[in-house]
Amino acid sequence: MRLRTLPLSTAGIVLGILLACKEHQVSWLVILLTILTTISLQILSNMSNELGDWLSGVDGTGREGPKYGIEGGGLTEDEMRSCIRIMVLACCILGLAMIRSSFGTILRMESEILVVLGAAAIWAAMHYTLGNNPYGYRGLGDISVFIFFGLVPVAGGHFVCSHIIDFRTLIPGAAIGLFSVGVLNVNNIRDMKSDAGTRITVPLKLGEHKAKIYHTVLIAGGWTLMLLYTVIFTQGWLPYLYIITLPLYIKHLSGVWNLSGRGLDPMLPMLVISTFIFSLLAGAGYILQ
């Protein structure tokens, strides 16, 4: 399931929920189902990604990252396909339960919009590396991650809990999206040698040095957007609690610039955990102001 990726998938949804809880009374059942739906989508994405990489030959060609189920011999291709089917079912059940719990029915416009959005999320989770023309192999992964790890969970999570479309939430959503793209970018920098000839990624297009500049822009951009949101839409010092995580991001950037190949692997969980803590503190500070 690649458990170390799950905090990143929940970072955006937790922030969206906390932003909604400031001004709205939100059911704990809705919160629980929203988080479980998000985690299920991430697990589906991880499993689909592994199967797609295995079938395409990306795994097993000197990849610098850790070995997973199929490559490590723990699962067969058919067993992984069964796991993917189970996770699709889990995503559908949990997603529909979340919508039903929040809106009281599936048969209303808001609910139907969320059903369509959920279907798009399932498709995106599965077709990053699976299918006849996976978009992850065409250099489009960064755009997908920005949308489905940033904009959708923050703005969508807020909407599920508040029933209000608040375009202001797109700003913190974009911030978390940029950090999430950063996680993918570090992963792709690490795997440049094994990815060459099998897929197109942003680091392969830019080269390692420019990919690290791009990474720095992503992190700086996320911080800039969140600070902009805090200055414009909040009051007092409590909403700035997330600044506590700044040393973690500085240490992460230092590691990215000074390491290469497999040495970059620790930088992935560092950015994942930093982003989760960042989201938690940003939401908590917003509530406590």
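## Close-up views of a predicted model

**View 1. Arg199 and Asp53 form a salt bridge, with their closest N and O atoms 2.6 Å apart.** A salt bridge here is a side-chain nitrogen of Lys or Arg within 4 Å of a carboxyl oxygen of Asp or Glu. Arg199 sits in the loop between helix H7 (192-195) and helix H8 (202-206), while Asp53 belongs to helix H2 (residues 28-56), so this pair ties together parts that are 146 residues apart in sequence. Helices are DSSP runs (H or I, at least four residues), numbered from the N terminus. Side chains of opposite charge can pair when their charged atoms come close. Searching the whole structure gives 10 salt bridges.

This is a predicted model, where local features need pLDDT of at least 70 and side-chain atom pairs count only at pLDDT 80 or more, although totals for chains, interfaces and linings use all residues. Residues are numbered from 1 along each chain as its sequence is written, and side-chain values use heavy atoms, with hydrogens and water left out.

**View 2. Helix H5 (residues 141-162) meets helix H6 (residues 170-190), with axes that come within 7 Å and cross at roughly 140°.** Axes are lines fitted to C-alpha atoms over the stretch in contact, and angles run from 0 to 180 degrees between N-to-C directions. The crossing of H5 and H6 is right-handed (the near helix is turned clockwise from the far one by less than a right angle). The contact of H5 with H6 has 13 nonpolar residues, five polar and one charged. Ala, Val, Leu, Ile, Met, Phe, Trp, Tyr, Cys and Pro count as nonpolar, Asp, Glu, Lys and Arg as charged, and the others, Gly among them, as polar.

**View 3. Helix H1 (residues 6-21) packs with H5 at an angle of about 35°, their axes being 7 Å apart.** The crossing of H1 and H5 is right-handed. Look for Gly12 and Gly16 of H1 and Phe149 and Gly157 of H5, which are among the contact residues. The contact of H1 with H5 has 10 nonpolar, six polar and no charged residues.

**View 4. The second largest pocket has a volume of about 330 Å³.** On a 1 Å grid over the protein atoms alone, a pocket is an open set of points with protein on both sides within 12 Å along at least five of seven lines, a cavity is a set where a 1.4 Å probe fits but cannot get out, and lining residues have an atom within 4 Å of a point. Grid points are joined across faces, edges and corners, and a volume is the space filled by probe spheres set on the points. Of the 18 lining residues, Leu117, Ala155, Gly156, Phe159 and Ile165 are closest to the centre of this pocket. H5 gives the largest share of the lining, seven residues.

Note on methods:
Helix = DSSP H or I, 4+ residues; strand = E, 2+ residues; numbered from the N terminus. Contact = heavy atoms within 4.5 Å.
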